[in-house]
Amino acid sequence: MIAKFPLIATLFLLAAGMPWSAARAQPASPSPAPAQWVQVIVFRTLDPDAGDHERWSHRLPTKLMREGLQLRERTGESDAAFRPAPLGPKMQRVWAILRAAALYAPLLRVAWIQPALNFDSAIPVALNPVRARGTRTVGARVRTPPMVTHLSVPASRLATPLKPTVYGTVKITVLRHVYIAVHTVLIERKPAPAINRGPSSGRSSRITASGPILNVYPIHQANQVRPGRINYFDNPAYGVLVYVKAVPAAATPKPPRG
């Protein structure tokens, strides 16, 4: 019996040490994903024939023009989940190149900081939110669970733009990889095409319809992207460039002044 005691004592010590060893073997809880710095540039192709050989809608996309989270220009809150930010050096160079190019015209640039959200909580951000008198600005403060916010602008307030204008949303999803979903439209007034009436007696057979028409060029694309690269989403008439960069909380760029 006495010879068995050392063995029993050893087994007891091993059993007592198992929880400590198991706890030691467990991996540490994962650190929260860093914030995402999203930068978007939209540019128009100046080729007059771009997109003319395809069929586009001529109806104002009022639903898409009202969708997406509207970023606050002056939030004054350090814990706002979504907040405006400036373009980084890489996208600033792209903007300058597009301005100097003969075949392209930059239309829109917007950037913001947002948390890393999964598929269930990802929020589309409005690139060019429609504002109307008497419309309350939708806040960008997001608590748990974050919800998609829509602009409460009546359809009657959504006027046809006088110059080429882009509306729509960009949504960033972060899991093991980063996913970008782009839903945008370029709305452009174009002269009405001439209509051929066919043979007529001594009169011109071509007439022009009254007033300009709308051409609505959509982009509805979603891709998995690689970090550190500028991602291109295109339509024959225009393109959307999206650059997503993870930034630690301490290095998060501050929103631009004003």
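Which backbone oxygen lies 2.8 Å from a polar atom of the side chain of N235? The backbone oxygen of P218 does. This is a predicted model, in which local features need pLDDT of at least 70, side-chain atom pairs count only at pLDDT 80 or more, and totals for chains, interfaces and linings use all residues. Residues are numbered from 1 along each chain as its sequence is written, and side-chain values use heavy atoms, with hydrogens and water left out.

- N235 sits in the loop between β10 (231-234) and β11 (238-247); strands are DSSP runs of E, at least two residues, numbered from the N terminus.
- N235 counts as buried because its relative accessibility is 6%, where buried means under 20% relative accessible area (1.4 Å probe, protein chains only).
- Leaving aside residues up to four places away in sequence, N235 touches W56, Y217, P218 and I219 (heavy atoms within 4.5 Å).

**Salt bridge**

- The structure holds one salt bridge, defined as a side-chain nitrogen of Lys or Arg within 4 Å of a carboxyl oxygen of Asp or Glu.
- Its partners are the side chains of R44 and E188, at 2.8 Å from N to O.
- The pair links distant parts of the chain, 144 residues apart: R44 lies in strand β1 (residues 35-45) and E188 in strand β6 (residues 178-190).
- R44 is buried at 8% relative accessible area, and E188 is buried at 10%.

Methods: Helix = DSSP H or I, 4+ residues; strand = E, 2+ residues; numbered from the N terminus. Buried < 20%, exposed > 50% of the residue type's maximum accessible area, 1.4 Å probe, protein only. Polar contact = N/O pair within 3.5 Å; in protein donor to acceptor, adjacent residues only side chain to side chain.
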